[in-house]
Amino acid sequence: MLMLDLVPRGIDNGHVSIFKRPQTSLLDSALNYIQDHSFMHPTNAEIQERPPPVPDSLYNLDLVSFRVENTVFRVPKQAFDLEETIFKDMFALPAPVSEIQEGSSNEYPIYLEGIEADDFRSFLRVLCPLGQPPVTELKVWIGALALATLWHFTEVRAEAIEAISQKMKGMGVLQRIHLGRKCNSEKWVQDAYIELLNKQTLMLDELSGPSLEYSLDWPTIAKIFYIRDNRDFFNLPLPPPVEDSAREPNSYWGTWDEPCTPRKIKKSKHSAINVIDPKVAVINIIFAEEFKDIQQKAVG
């Protein structure tokens, strides 16, 4: 509280003039503090003598703008500037001297052609959530997985595959095939094919038709029924494994062009040789071209 005392100043025409003088101990202390701590208002000379600030190695984020469909996203550049991704090389390209760097602002974004805004938003929720709650929606994981596969974000892809795998129990077999092809997951497609082979009865309208949300193409349908109509394939004994070969364990059916030729298997001291399911072996042979294509897309 500011305290006042009344101090006589003099007598003028018989009247005593007074003024209000504050008790200045606190005020003087504050003024002295400001004068003594000149860093609060440094001089130009003091500013010039100081060393330049050093950016923090982690918390010094650049932002980059992407246009996806008709939406602009401005996100941390470091999240995309990763080895083995297409963005690493993209960001390394020098901008022409006479032009503004693409992605430097929302007015000059990098245009990601052929990408859906919802999928890109889903990808961002996994890549840089920015305080949002953990992703639980299947649709978001599917969108994130599709772009992580396309752009070779291996950690995001692995996280999405694990999350989607936990939710697959409620999916139909045709949806799993569709999803496995879209996301380049050979195991999802293979497991779905095995389920179709294990069905006691299988009708054509279960695989294709206008009433189905997901339908199989005719080459795939023909292969499924071919295997089912030749069940003696499943009764073929597996060739016994032979050690000391460059082929991986479980590849007892040889190369794709020599499907029934026994191959030597290299046995590792850290792993046992497993016997492959005959149905899996037959599927790997009949759908060899499709699985090769999935594998190549998955690794880029």
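View 1. Where pLDDT is low, the predicted coordinates should not be read in detail. The average pLDDT of the chain is 78, and 72% of the residues score at least 70. The pLDDT is also below 50 over residues 1-11, a stretch with 26 contacts in the model beyond near neighbours in sequence.

**View 2. The open sheet of three strands.** The strand order in this open sheet is β4-β3-β5, and the pairing is mixed. Strands β4 and β5 (110-111) are the edge strands, each pairing on one side only. Strands of a sheet pair through backbone hydrogen bonds, either parallel or antiparallel. Between β3 and β4 the sense is antiparallel, over six bridges. Serine 65 has arginine 74 in β4 as its bridge partner, and leucine 63 has proline 76 in β4 as its bridge partner. The two strands β3 and β4 form a hairpin with two residues between them. In the turn of this hairpin, glutamate 69 has a positive phi of about 55°.

**View 3. The largest nonpolar core.** This core has 38 residues, and those with the most contacts inside it are Phe66, Phe80 and Phe120. Two or more residues of the core come from each of β3 (63-68), β4 (71-76), α3 (86-92), α4 (117-127), α5 (138-151), α6 (154-166) and α7 (173-183). Helix α5 provides the largest share, eight residues. A second, separate core has 21 residues, including Val189, Tyr193, Leu207 and Ile294.

**View 4. The surroundings of phenylalanine 80.** Residues up to four places away in sequence are not counted in this view. Among the residues that phenylalanine 80 touches are the phenylalanines Phe66, Phe87, Phe91, Phe120, Phe123 and Phe153. Phenylalanine 80 also touches Val75, Thr85, Lys88, Leu124 and Leu127.

**View 5. Arginine 157 in helix α6.** Arginine 157 has its place in helix α6 and is buried, yet has no salt bridge. The nearest side chain of opposite charge belongs to glutamate 186, 8.9 Å away. Not counting residues up to four places away in sequence, arginine 157 touches Leu145, Ala148, Thr149, Cys183, Asn184, Ser185 and Ala298.

**View 6. Glutamate 195 in helix α8.** Glutamate 195 lies in helix α8. Because its relative accessibility is 36%, glutamate 195 counts as partly exposed. Beyond residues up to four places away in sequence, glutamate 195 touches Val173 and Arg176. From C-alpha to C-alpha, glutamate 195 and valine 173 are 7.5 Å apart in space, and they are 22 residues apart in sequence.

**View 7. The packing of helix α10.** Helix α10 spans residues 278-286, and its buried residues are Val280, Ala281, Val282, Ile283 and Asn284. These buried residues pack against α8 (186-198), α9 (218-229) and α11 (288-299).

Technical notes
Residues are numbered from 1 along each chain as its sequence is written. This is a predicted model: local features need pLDDT of at least 70, side-chain atom pairs count only at pLDDT 80 or more; totals for chains, interfaces and linings use all residues. Side-chain values use heavy atoms; hydrogens and water are left out. A nonpolar core is a set of buried Ala, Val, Leu, Ile, Met, Phe, Trp, Tyr and Cys residues joined through side-chain atoms within 4.5 Å. Buried means under 20% relative accessible area, exposed over 50%, partly exposed in between (1.4 Å probe, protein chains only). Helices (H or I, at least four residues) and strands (E, at least two) are DSSP runs, numbered from the N terminus. Contact means heavy atoms within 4.5 Å. Lys and Arg count as positive and Asp and Glu as negative; His and the chain ends are not counted. A salt bridge is a side-chain nitrogen of Lys or Arg within 4 Å of a carboxyl oxygen of Asp or Glu. pLDDT is the predictor's confidence in each residue, from 0 to 100. Two strands pair if DSSP finds at least two bridges between them.
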